[in-house]
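Hi everyone, thanks for coming.

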Amino acid sequence: MSTLPLADRVALVTGASRGIGAALALQLATMGAQCVLLARTQGGLEEVDDAIRGATGRGATLLPMDLQRQEKELDMLGPSIVERFGRLDILVHAAGVLNKLTPVAHIEPRDWNEVVAVNMTAAWRLIRTCDPPLRASDAGRAVFLTSFALDAHTAYWGMYGAAKAGMEHLALTWAAEVSKTPLRVNIADPGEVGTYLRAHAFPGQDKAKLRTPQDVAPGLAALCTPEETRHGARVAIEA
Ligand code: NAP
């Protein structure tokens, strides 16, 4: 009997209630990982859990949590997962919020606070709480979802772009800090994927012409395997 590539690995996936995070969680689970699924929507998490159970015969662990408003719980995630499973090997920060496209001069504080909290501040808090168990793993892996199109500083994308730029900077700096450990940290761009987030930004876009979350899940999952050697890299996912 062949051993699955992520057998015995424990993975925390944020943004796992729909879209790319959900597809990636299913992919990681079919590769053998025990997945901890984090998002706000209990119903979405349960659907992903059902899909994982159907594909693998064993369920995931559901963590309904608001990354913006439940900072205390977020700060305890690393130790809580270690207490429950004895280890944490994989962190994927796929939770993301675009909110609205708007000129920089018109950004409202409430929108700014949400976009920065979910895309950037949560990344910092996840790094803080997950760093010890990920370093302790023999093959810790961390992946942060971003969009390289934001490098173009396109008009109206400033709020989302600033938050993702901050997240990327934190992740790549952390990568430099852990480079002498087995932990591999990368940022990844999935390309144009037909999800809720994208439909919100481009309501008229033909979904049929976009990638699906399932198209990009294998490329993202590859970054989570013990064999992965890329580190501190900006990876454009091929579908
Ligand atoms: P999506 O379908 O809208 O999914 C976003 C996920 O983030 C959902 O699971 C959502 O769950 C979670 N989330 C949002 N706010 C949260 C909060 N306050 N607390 C906890 N979880 C929260 O978007 P997607 O397209 O799959 O995006 C996944 C990642 O890929 C994002 O980081 C995005 O920036 C990035 N990305 C996407 C594209 C694209 O074309 N789609 C391109 C480049 C990069 P709940 O609402 O249940 O909380």
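Let's start with Glu71, which is partly exposed, because its relative accessibility of 36% falls between the 20% and 50% cut-offs. Please keep in mind that this is a predicted model.

Who does Glu71 meet in a salt bridge? The partner is Arg125, at 3.4 Å from N to O. Glu71 sits in helix H3 (residues 71–75) and Arg125 in helix H5 (residues 109–136), so this pair ties together parts that are 54 residues apart in sequence. Arg125 itself counts as buried, at 12% relative accessibility.

Why do such pairs form at all? Side chains of opposite charge can pair when their charged atoms come close.

Asp89 and Arg87 meet at 2.9 Å, N to O. Is Asp89 buried or exposed? Asp89 is buried, with a relative accessible area of 1%, while Arg87 is partly exposed at 31%.

Then there is Glu192 with Arg198, whose closest N and O atoms are 3.5 Å apart. Here Glu192 is partly exposed at 43%, and Arg198 is buried at 16%. Going back to Arg87 and Asp89, salt bridges that share partners join these two with Arg9 and Asp138 into one network.

Finally, the loop. Ser17 lies between strand S1 (10–14) and helix H1 (19–30). Ser17 counts as buried, because its 14% relative accessibility is under 20%. Beyond its neighbours within four places in sequence, Ser17 is in contact with Ala22, Ala39, Thr41, Gly44, Leu45 and Val48.

How values were computed
Residues are numbered from 1 along each chain as its sequence is written. This is a predicted model: local features need pLDDT of at least 70, side-chain atom pairs count only at pLDDT 80 or more; totals for chains, interfaces and linings use all residues. Side-chain values use heavy atoms; hydrogens and water are left out. Helices (H or I, at least four residues) and strands (E, at least two) are DSSP runs, numbered from the N terminus. Buried means under 20% relative accessible area, exposed over 50%, partly exposed in between (1.4 Å probe, protein chains only). Contact means heavy atoms within 4.5 Å. A salt bridge is a side-chain nitrogen of Lys or Arg within 4 Å of a carboxyl oxygen of Asp or Glu.
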